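Let's work through a few exercises together. Keep the viewer open and try each task before reading its solution.

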Amino acid sequence: MDRHNPQTMPPANSLNVAIIGCGGITLQNHLPGLALCPDVKVVALCDSDASTLERARQQTGVTITSTRHEDIMKREDVHAVIIATPNFTHAPIALDAIAHGKHVLCEKPLALNHADVKEMAEAADRAGVRHLTAFTYRFVPAMRYLAHLIQRGELGQPYHFRSCRLQDWGTRPLGWRQVRKLAGTGELGDMLSHRIDFAHLLVGPMKRLVANLKQWHPLRSGQPNDLDDWVAILAEFQNGATGVLESSKLASGRNESWRSLDYVEINGSERSFVFITGEWNKLQTGKVGGPGLETIEVPREFWKLPGAPRDSSQGDPLVTFRYDQAWEFVDAIRNQRPCIPSFHEGARAQAVMDAAVKSAESRSWVDVE
Ligand SMILES: NC(=O)c1ccc[n+]([C@@H]2O[C@H](COP(=O)([O-])OP(=O)(O)OC[C@H]3O[C@@H](n4cnc5c(N)ncnc54)[C@H](O)[C@@H]3O)[C@@H](O)[C@H]2O)c1
């Protein structure tokens with residue numbers, strides 16, 4: 001086999017990356033993020049759809065292309081891959097990449113169930129490759145600053161975690177995102193997975209939960225939709241804190257993406273903090289017994305990931321924070337350290353998603369694996 005061992009590879013000067021899946025998120029996020037990283041080259045592209053592949057080839061000038069990921073994984077001149085395909089393909093493509101010794105950045109949700117994600121994480125550890133789960137919103141400066149303040153003890157004992165993601169997607173068609181066998185879950189995996197990861201980052205692991213999922217529209221523009229448009233979880237964390245997480249595609253009039261509500265509040269024995277994705281360089285906070293919340297600025301050193309090549313004064317900060325994710329991947333490969341967040345964080349979130357589905361089906365509390 002054309003296998004190379006990443007553990008014996010010197011920290012590469014020139015790192016060659018292949019992209020598997022050349023759709024929306026690759027164009028919006030992965031390609032611009034990689035373009036900022038010095039001595040990193042996108043050398044190969046793969047998309048199962050020939051016209052999407054051709055468009056990406058013309059846009060990037062990358063000449064090695066294939067509609068089959070197997071062709072890309074065999075190449076010795078590819079050191080790392082980014083997997084940005086529909087959810088059901090993540091596990092087989094990632095396992096193939098790992099078997100060929102490639103470092104892997106994989107989109108969220110990592111797979112359709114926890115057993116598959118666990119297999120991916122264990123295989124990647126055994127192979128000694130770097131692995132990153134694309135929980136992109138961890139890279140929002142205000143989220144990184146909030147995690148830092150909590151780690152420093154400013155919150156005190158965590159009491160409550162609360163998140164609310166409200167978007168207005170109406171009944172428009174969502175392609176593979178509205179088909180269970182391709183996406184796994186709807187709003188749960190698509191949007192709430194990021195907020196489950198926030199909860200783990202800020203509070204720690206969840207212990208048990210009760211959840212509900214609701215599908216309002218069995219058709220989206222005439223196409224069958226068999227997935228949830230809304231999800232809510234009531235959770236208990238291992239440290240005793242409580243969690244309430246809600247996410248909807250049907251919050252009419254709320255707009256979409258960063259123009260819509262993405263709210264996280266955390267209450268502890270010393271303070272409360274409020275994070276809103278749209279307010280990338282601000283937090284609100286209030287001290288126990290104080291007069292209410294005040295706004296604080298995120299210090300400049302948190303405006304980008306330490307060492308990231310991005311100029312934080314350039315571009316729309318609600319878009320450009322995402323580019324730090326590519327840097328995290330590249331820097332971890334070069335320094336032979338674990339990526340944050342790795343597949344293990346992806347697995348932890350997937351265990352919660354599996355428990356949420358089980359809870360909604362059984363209409364009961366479920367322990368998180
Ligand atoms: N981290 C984030 O914030 C974020 C944001 C958007 C999407 N995503 C995730 O990224 C992934 C892709 O989402 P998208 O919006 O770019 O979807 P998309 O439909 O725009 O693009 C997916 C591409 O993958 C191609 N594809 C399908 N099967 C393939 C295969 N077996 N091999 C190669 N290519 C294949 C499709 O032809 C398509 O071009 C999903 O897992 C999604 O959840 C994450």
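This is a predicted model: local features need pLDDT of at least 70, side-chain atom pairs count only at pLDDT 80 or more; totals for chains, interfaces and linings use all residues.

Residues are numbered from 1 along each chain as its sequence is written, and side-chain values use heavy atoms, leaving out hydrogens and water.

**Exercise 1.** Find the mean pLDDT of the chain.

Solution. The mean is 96, and 97% of the residues reach 70 or more. Next, look at residues 1–8: there the pLDDT is below 50, yet this stretch has 22 contacts (heavy atoms within 4.5 Å) beyond near neighbours in sequence.

**Exercise 2.** Work out the strand order of the open sheet with 6 strands.

Solution. Strands are DSSP runs of E with at least two residues, helices runs of H or I with at least four, numbered from the N terminus; two strands pair if DSSP finds at least two bridges between them. The order is β3-β2-β1-β4-β5-β6, with parallel pairing. At the edges, β3 (64–66) and β6 (131–133) each pair on one side only.

**Exercise 3.** Trace the partners of β11.

Solution. Start with β8 (residues 206–214), joined to β11 (residues 230–237) by 8 antiparallel bridges; here methionine 206 stands opposite phenylalanine 237. Then take β12 (residues 242–248), which is antiparallel to β11 over 7 bridges, with isoleucine 233 opposite leucine 245. Finally, inspect the hairpin of β11 and β12: 4 residues lie between them, and glycine 240 in the turn has a positive phi of about 95 degrees.

Conventions: pLDDT is the predictor's confidence in each residue, from 0 to 100.
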